[in-house]
Amino acid sequence: MMQRNSTNRSDMLVMGLGLLTVAVLTLGIFMAFVYAPSDLAQGNAQRIFYVHVPMAWLAYLAMAVVFVGSVGYMWKRSARMDRLARSSAELGFLFTTLVLITGSLWGRPIWNAWWQWEARLTTTLILWFIFIGYFMVRAYAGDRERGARYAAVLGIIGAIDVPIIHQSVTWWRTLHPEPIVLDTGGPNLPDSMLATLLVCLAGFTLLYAYLMVQKTRIETVRDALAERELTALFAPESETLDRRPVAPVSRNVSGAAED
Amino acid sequence: MTGDGPLIQVEHVYKRFGTKVALRDVSFSLVSGEAVALLGANGAGKTTLLRSLATLARPTRGTIQAFGVDAWSARAAVRAQLGVVAHQPYVYPELTCTENLVFFATMFGLEEVRVRAAEALEHVGLARRADDRASTLSRGLLQRLNLARAILHEPAVLLLDEPDTGLDAAGREVLSEIVHSQVTRGGSVVLTTHALEYALGLATRVVVLGEGRVVLDEPRELVSDEAVSLAIGSGVVAAGR
Amino acid sequence: MRRVWALVWKDLLVEFRGREFLGAMVVFALITIVTLNFAFDLSRGDREASGAGGLWIAFLFAGMLGLGRSLAVERDRGTLEGLTLCPVDAGTIFLGKFISNVLFIVIVQAVSLPVFYGLYNLPSLEPMVLLMAVIGAIGLAGLGTLFSALAASSRAREILMPLLLFPLAIPLVIGTVRATTLIFQGDGAEAWPWFNLLAAFDVIFVTLSYIVFDLVLEE
């Protein structure tokens, strides 16, 4: 009885989160397409910015959560921490892919090129590969527990490397002056744009939280199912052992003669 | 040293590899001064059990206590008291016998490594080949080198997986002597083999596994050789224990 | 620690007598350096700008060849298990492997750099270049040892290690190539910030690899 009540309660909370997410996102999208003014230089293409930036934020947030989960797993070997890490990695990979795509789409009309080797995009591209590595390591490890351990290693090393990668790519680019690209507005963002951006950020963050909750739940069920399958292997076999009597044991003291 | 309680205590251990269950509800105690012959047909789980005792495999379920602590969590310390001979040689073919043993003696944290290495080589009868590379040794002599490696640090428990493979008569003498002195010292030995008579000659206790279960677990004097053969062959509990 | 040196010595002996991969690494690096010429068509002006890149590609690939093999061989032969049965912790085994890997990479570099100088007449024997080479080798060996252990027990091990290593080693590649290029162009003084980056990278990742190695070596 108690459990059902608390399950209901958490279900309601999650649903509430979902509704809130939809509400804020809808507001955000409205603001992005209608409320915010067009950019002087870039025109309407600039509106992708309101999706691109939150996606980038989520990609890195997801990586940070992967780091936390990986450290937690390393420390406690807790399945929960591993679920946290791998769920966030899936979402992180999704968002990273979207950042790269929206970045290209945004850039094309502005740069006349699909890509620029500037620091943020480049780092995100590398992050994309790190996520791929995370999943490959799990897939190729052979068994689930080992996969979790190896993935944790990658989660820790990868997360710590990301800021270093960013820094080194930034230095690399500043030595090769490039046209200033992807003007995300900087300090001169007009209030209306800033407001839109913040609403979108909030909306997407809520989306991440909601998806994480659902994803970790699915993973919990998956883990439980796998456990159950394996435990079933340990059940005593249905056919009884053939217990036919064997020749009675003779107290054999001459056994040594056999040597 | 005897009578201090079991050196190794295995309780209701299950070990699974993927969907194959290698050990099923295995319980077993090892006290000091025992030489256990671990027997069974191929695939019965002998190697898995031995590897679990050696902390090389972690039980899927159940516990293994070694020297009073949980074997897996304290495995670094537990390993210091184990001498293991496995199917594959642990020695490096490119190094000489002496270099191999000096290396392992250092890794075991021993003092006077050269002296210990020389003594171990002497013990297994490899003193003449001390400066030959391990790759030049025949199968039997290589096995002796592996034995030397296992006894180098005078461990409390020897875990030997088919140690008699490739050994000639002289080699088996060496092995028997190692087992006897281990037992006399108050240590213990668990060895697996398919050479039934040889094992029964050395053992103080016989454990037979069948399909991952313990099918027989008796002091040597209390079982007939036929009962042991039967137990191995059928993988079934012998009646009238 | 005594045991770390014992491990390093053992690795050196085994490699020099067994000749598993060091020779191949050296030859591979040399071939890559020669192929550079055809790939980049290095006329004098360009050489200083792109030579360093080619040099480091040679080191990176040759390094990975060796790093991948060294632990895989131990695993295959079963000697890795013999090592884990010794009462040493994973970190010690890491240090031993790491140091021997650094030495192997440095040996490859020691052969390649003079050859590079001979072929392209670029100042690859400058002390600063050597310094960068060693710093780079340390970083490569640090992460490489960790990932080769990880890949060694997985399927598709040959492809897994480069796949994991390349993205993470990018700061290393950027730093060494930029610094070496600056030195080739005569602006050595400007290479120091890169050196700092590389040194920081090395310290961070060798330490991290040491700490997490335990996760990789188990069962």
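In the predicted model, the interface between chain C and chain B brings 18 residues of chain C into contact with 23 residues of chain B. On the side of chain C that touches chain B, the elements giving two or more residues are α1 (2-18) and α4 (79-84) of chain C. Helix α1(C) supplies the largest share of that side, eight residues. By class, the side of chain C that touches chain B consists of seven nonpolar, four polar and seven charged residues.

Chain C also touches chain A, in a contact that takes 22 residues from chain C and 25 residues from chain A. Here the elements of chain C that give two or more residues are α7 (157-168), α8 (170-184) and α9. The most is given by α9(C), with seven residues. The side of chain C that touches chain A is made up of 17 nonpolar, two polar and three charged residues.

Helix α9 (residues 192-217) of chain C packs against α5(A): the two axes come within 10 Å and cross at roughly 170°. An angle over 145 degrees counts as roughly antiparallel, and α5(A) is therefore roughly antiparallel to α9(C). On the chain A side, the contact is made by A:R149, A:Y150, A:A152, A:V153, A:I156, A:I157, A:I160, A:I164 and A:S168 of α5(A). The residues of α9(C) that meet them are C:L197, C:F201, C:I204, C:L208, C:V212, C:L215 and C:V216. Taken together, the contact of α5(A) with α9(C) has 14 nonpolar residues, one polar residue and one charged residue.

Within chain A, helix α5 (residues 144-174) is also approached by helix α3 (residues 79-111), the axes coming within 11 Å and crossing at roughly 60°. The two helices, α3(A) and α5(A), are therefore oblique to each other. The crossing in which α3(A) passes α5(A) is left-handed. In this contact, A:D82, A:A85 and A:R86 of α3(A) meet A:A148, A:A151, A:A152 and A:G155 of α5(A). By class, these residues divide into four nonpolar, one polar and two charged.

Chain B is divided into domain 1 (1-81 + 156-241) and domain 2 (90-154). The C-alpha centres of these two domains of chain B lie 25 Å apart. Between them, twelve residues of domain 1 are in contact with ten residues of domain 2. Helix α6 (residues 169-184) of chain B provides the largest share of the domain 1 side, five residues. The side of domain 1 that touches domain 2 has eight nonpolar residues, three polar residues and one charged residue.

Two open sheets of chain B are described here. One is formed by six strands in the order β6-β7-β8-β3-β9-β10, with mixed pairing. Strands β6 (82-85) and β10 (213-219) of chain B stand at the edges with a single partner strand each, so one side of each has no neighbour in the sheet. From one strand to the next, the twist averages 15°. Inside this sheet, strand β3 (residues 35-40) and strand β8 (residues 188-192) of chain B run parallel and are joined by four bridges. Residue B:V36 has B:V190 in β8(B) as its bridge partner.

Helix α5 (residues 139-151) of chain B lies across β6 and β7 (157-161) of chain B, at about 165° to β6(B). Helix α8 (residues 225-234) of chain B lies across β3, β9 (205-210) and β10 of chain B, and runs at about 20° to β9(B).

The other open sheet of chain B has four strands in the order β2-β1-β4-β5, and the pairing is antiparallel. Its edge strands are β2 (20-30) and β5 (69-70) of chain B, each of which pairs on one side only. Strand β1 (residues 8-17) of chain B pairs with β2(B) in the antiparallel sense over seven bridges. The bridge partner of B:R16 in β2(B) is B:V21.

Terms used
Residues numbered from 1 in each chain as written. Chains lettered and ligands numbered in written order. Predicted model: local features only at pLDDT ≥ 70, side-chain atom pairs only at ≥ 80, totals over all residues. Contact = placed C-beta atoms within 7 Å. Nonpolar A, V, L, I, M, F, W, Y, C, P; charged D, E, K, R; others polar. Axes fitted to C-alpha atoms, helices over the stretch in contact; angles between N-to-C directions. Parallel < 35°, antiparallel > 145°, perpendicular 65-115°, else oblique. Left-handed = near helix turned anticlockwise from the far one by under 90°. Domains from an automatic or database assignment. Pairing = 2+ DSSP bridges.
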